[in-house]
Amino acid sequence: MASTQVTKAVEFTVEPDDAVLVERVAREVCAAGPDRIDDPAWVDLARDAWDALPLRLRQAVRQFRRDSGPQGCMLLRGVPVEPEETLRPTPKVAESVEHSSSISAAVLVMVACGLGDPSAFAAEKSGALVQNVVPVPGKEEFQGNSGSVLLASHNENAFHPHRPDFVMLLCLRADHDRVAQLSTACVRMVLPLLSEDAKEALFSPEFVTEPPPSFGRRSGPTSPHAVLFGASEDPDIRVDFSATTPLTQRAKSALAELERLLGETAFSVKLTPGDLAIVDNRVAVHGRSAFTPRYDGRDRWLRRTFVATDLRRSRDHRPLDGYVLAR
């Protein structure tokens with residue numbers, strides 16, 4: 001079997017002069033639109049403003065949209081966010097979201113419009129387009145965005161037929177001890193390493209996946225599905241290692257082999273303020289290492305937005321052709 005090799009995510013640094021322009025455009029979006037960022041009119045402004053962002057940034061994002069590379073992850077560094085001296089205390093309540101306009105929210109939605117369209121799920125964080133990923137007291141063991149233990153690798157909302165195409169995570173504040181790491185791993189890296197038996201099982205509908213705890217597990221598990229599907233030489237992946245159950249013994253062995261190889265080829269990064277990670281949710285899984293929150297208002301704080309490259313596919317799930325999937 002070929003040896004494993006870890007590659008880096010695609011990286012792009014926003015130069016200081018370009019960052020000034022990005023911040024100016026973000027402020028213009030905030031000043032011109034309604035204060036509520038979930039308003040379609042606010043999203044329209046952010047979409048138009050995307051064209052005013054620096055050309056090199058737009059080119060890099062468009063290239064990643066077309067080909068997310070062997071690691072299925074892009075890291076934009078130097079993105080303008082609220083400075084620490086003006087940033088409010090890190091939220092510490094469950095279901096924390098952002099509704100009011102801000103620099104970081106405008107940046108997220110503008111880039112989302114460059115990748116496709118922002119989207120959300122009514123059952124998760126009230127359908128907000130910009131969500132807070134923060135540790136919550138009493139939720140430490142939670143396998144979701146409010147926990148602080150090791151978060152198992154997963155595709156975002158792997159149970160859903162219209163799961164996001166991209167997941168965007170923008171860091172506003174790092175954890176106190178600077179130990180929390182976002183990890184990503186891509187099926188493109190492990191496909192040549194998988195045994196033929198494992199491939200055969202993973203391409204077969206021998207798995208079911210439960211909704212994540214953030215959805216309340218109300219809808220029950222999926223119908224049997226394959227973990228790998230699409231082009232045999234460049235498949236998509238659909239798995240949540242804390243929620244996907246194999247239905248056969250060979251599926252169990254294949255899933256264990258896949259998890260091991262994804263772990264061996266994973267790329268990890270400690271996000272710092274102004275880092276925006278974009279994960280191609282079609283070909284990559286992501287997770288997070290454990291960290292210790294202090295609940296003192298200065299804990300780790302990411303903002304998250306989902307992206308659909310073809311919003312039309314989920315039209316029957318979106319009332320009034322909005323951005324929120326009702327089911």
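Ser 119 is buried, with a relative accessible area of 4%. The model described here is predicted. Ser 119 lies in strand β4, which covers residues 117-121. Leaving aside residues up to four places away in sequence, Ser 119 touches Leu 129, Phe 306, Val 307, Ala 308, Leu 311, Tyr 323 and Leu 325.

Helix α1 is treated next. At 1.5 Å a residue, the 17 residues of α1 should span 24 Å, and the end C-alpha atoms of α1 are 24 Å apart, which agrees. The buried residues of α1 are Ala 19, Val 22, Val 25, Ala 26, Val 29 and Cys 30. They cover an arc of only 140 degrees around the axis, so they sit on the same side of α1. On the other side of α1, Pro 16, Asp 17, Val 20, Ala 31 and Ala 32 are exposed. The cover over the buried residues of α1 includes the helices listed below, as well as α4.

| Helix | Residues |
|---|---|
| α2 | 40-50 |
| α3 | 55-66 |

The packing of α1 (residues 16-32) against α4 (residues 103-115) brings their axes within 9 Å, with a crossing angle of roughly 100 degrees. Angles of 65 to 115 degrees count as roughly perpendicular, which makes α1 roughly perpendicular to α4. From α1, the contact is made by Val 22, Glu 23, Val 25, Ala 26, Arg 27, Val 29 and Cys 30. From α4, Ile 103, Ala 106, Val 107 and Met 110 take part. By class, this contact of α1 with α4 has 9 nonpolar, no polar and 2 charged residues.

Conventions. Residues numbered from 1 in each chain as written. Predicted model: local features only at pLDDT ≥ 70, side-chain atom pairs only at ≥ 80, totals over all residues. Heavy atoms only, no water. Axes fitted to C-alpha atoms, helices over the stretch in contact; angles between N-to-C directions. Helix = DSSP H or I, 4+ residues; strand = E, 2+ residues; numbered from the N terminus. Parallel < 35°, antiparallel > 145°, perpendicular 65-115°, else oblique. Contact = heavy atoms within 4.5 Å. Nonpolar A, V, L, I, M, F, W, Y, C, P; charged D, E, K, R; others polar. Buried < 20%, exposed > 50% of the residue type's maximum accessible area, 1.4 Å probe, protein only. Expected span 1.5 Å × (residues − 1). Arc of directions from axis to C-beta.
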